[in-house]
Amino acid sequence: MHTPLFVYTFACHEDEFPLCALEKRTVFGADASAGSHLLCSPVAFEPSRSPFVKERIDVLYQGDSVSAIARQLPGLQLSGSTFKVIFVKKNDLEPPHNIEYAGQRAIERELGASIAGTADVHKPDHTFGVVTVGGRWYFGRYRKAEPVWLHHMKKPHSYSIALPTRIARAIVNIAVPDPQAAIRAIDPCCGIGTVLVEALSMGIAITGRDINPLAVRGARANIASFGLTGEVALGSIADIEASYDAAIVDMPYNRVTRISPEEQLSILHHTRRIANKAVIVTTGDIDEQVTGAGFAIRDRCAVRKGAFSRHILICT
């Protein structure tokens with residue numbers, strides 16, 4: 001059997017390039033450039049999990065040209081069902097080789113004419129995509145990502161310093177690249193539950209905890225508002241006795257929740273005690289505290305918004 005192959009397209013703001021690249025490296029093992037918007041990979045990743053993935057093509061055929069693809073399509077069995085072919089606009093073609101609208105439609109027609117079935121551009125039974133990457137053409141089943149995270153922005157409880165939903169969703173993917181791997185995760189400083197909502201919506205087994213009773217009530221209400229179920233406990237990270245595969249820690253900050261370097265180190269020590277892996281989010285340089293707690297920093301990135309930056313560290 002051939003190794004499965006998938007083509008993904010990505011889109012993000014330039015401020016998020018480093019986070020998008022970190023997610024790629026973690027999920028796909030890909031040493032992709034920060035601004036790359038295409039990726040071929042054998043990894044089957046649900047496109048709606050990422051805030052940056054826009055489309056996925058499950059490759060059925062590939063070739064050096066559109067004609068080479070067309071010659072293979074008579075072997076596609078649709079059993080009388082209808083289909084549609086989409087030219088994926090994101091590609092790595094450079095001027096003067098860009099394919100404009102008329103050329104895109106011509107490619108769709110050429111490939112559609114080679115398929116034994118009935119075309120239906122409105123409500124097809126099957127949707128196929130065609131894309132070119134690195135001078136090679138790929139054709140397969142087309143899947144468009146659903147922006148689940150966008151719906152989660154409408155939380156009944158929120159506050160200004162909470163993680164943005166898009167960043168939280170990417171961080172969850174970085175902490176738990178494979179949700180089928182029976183990973184047990186925890187967010188021991190969960191605030192109003194932004195990370196918890198994203199993780200639970202992906203079927204990840206995660207629990208939350210916070211020392212602030214108002215935050216705990218808000219997190220529970222936010223989780224319930226999206227029809228999700230998850231445990232959120234009131235208490236300090238120091239009281240946790242269970243062990244977890246991964247922890248996501250958004251370090252407390254600002255004038256309301258300001259903590260000392262010693263308190264930061266205590267949180268990190270307890271994180272090291274309870275988790276094999278941690279994704280730590282901080283607004284400042286805490287490398288010394290991280291390594292002092294016994295962690296090794298394996299990868300990292302910074303997400304900037306104006307003069308403000310969040311640093312995301314993968315630690316083991």
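User: Where is tyrosine 142 placed?

Analyst: Tyrosine 142 is in strand E7, where helices (H or I, at least four residues) and strands (E, at least two) are DSSP runs numbered from the N terminus. This is a predicted model, in which local features need pLDDT of at least 70 and side-chain atom pairs count only at pLDDT 80 or more, while totals for chains, interfaces and linings use all residues. Residues are numbered from 1 along each chain as its sequence is written, and side-chain values use heavy atoms, with hydrogens and water left out.

User: Is tyrosine 142 buried or exposed?

Analyst: Tyrosine 142 is buried, because its relative accessible area is 15%, and buried means under 20%, exposed over 50% and partly exposed in between, with a 1.4 Å probe and protein chains only.

User: And what is tyrosine 142 in contact with?

Analyst: Leaving aside neighbours within four places in sequence, tyrosine 142 is in contact with Glu55, Arg56, Ile57, Ile86, Val88, Thr127, Phe128 and Gly129, contact being heavy atoms within 4.5 Å. The C-alpha atoms of tyrosine 142 and valine 59 are separated by 8.9 Å, although these residues are 83 apart along the chain.

User: What about the chain as a whole, how many helices and strands are there?

Analyst: The protein chain has 9 helices and 14 strands, and its C-alpha atoms fill a box of roughly 65 × 40 × 40 Å along the principal axes. Of its 316 residues, 49% count as buried. Among contacts with a separation of 6 or more, 72% are between residues 24 or more positions apart.

User: Let's switch to ring pairs; how many aromatic pairs are there?

Analyst: The count comes to 7 aromatic pairs, where rings of Phe, Tyr and Trp (its six-membered ring) pair if their centres lie within 6.5 Å, and planes under 30 degrees apart count as stacked, over 60 as edge-to-face and the rest as tilted. One of them joins phenylalanine 28 and phenylalanine 45, an edge-to-face pair with 5.5 Å centre to centre and 70 degrees between the planes. This pair links distant parts of the chain, as phenylalanine 28 is in helix H1 (residues 17-28) and phenylalanine 45, 17 residues apart from it, is in the loop between strand E2 (38-41) and strand E3 (53-63).

User: Are phenylalanine 28 and phenylalanine 45 buried or exposed?

Analyst: Phenylalanine 28 counts as buried at 10% relative accessibility, and phenylalanine 45 is buried with a relative accessible area of 3%.

User: Why is the pair of tyrosine 61 and phenylalanine 139 called tilted?

Analyst: The ring centres of tyrosine 61 and phenylalanine 139 are 6.4 Å apart and the planes are at 35 degrees, so the pair is tilted. Here too distant parts of the chain are linked, with tyrosine 61 in strand E3 and phenylalanine 139 in strand E7 (residues 136-144), 78 residues apart, and both residues are buried.

User: Which residues do ring pairs link into a cluster?

Analyst: The cluster consists of Phe6, Tyr8, Phe10, Phe28 and Phe45.

User: Now strand E11, which strands does it pair with?

Analyst: Strand E8 (residues 184-187) runs parallel to E11 and is joined to it by 2 bridges, and E11 also pairs with strand E12 (residues 275-282) in the parallel sense over 6 bridges; strands pair if DSSP finds at least two bridges between them. Isoleucine 186 has alanine 247 of E11 as its bridge partner, while alanine 246 has lysine 277 of E12. E11 (residues 244-250) is mostly covered, with 6 of its 7 residues buried.

User: Which residues of helix H8 are buried?

Analyst: In H8, the buried residues are Gln264, Ile267, Leu268, Thr271 and Ile274. Seen down the axis of H8, they fall within an arc of 130 degrees, taken from the directions from the helix axis to the C-beta atoms, so they line one face of the helix. What covers them includes E8, E11, E12 and helix H9 (287-292).

User: Last topic, where is the cis peptide bond?

Analyst: A cis peptide bond joins proline 95 and proline 96, with omega about 5 degrees, and proline 96 lies in the loop between strand E4 (82-87) and helix H3 (101-113).
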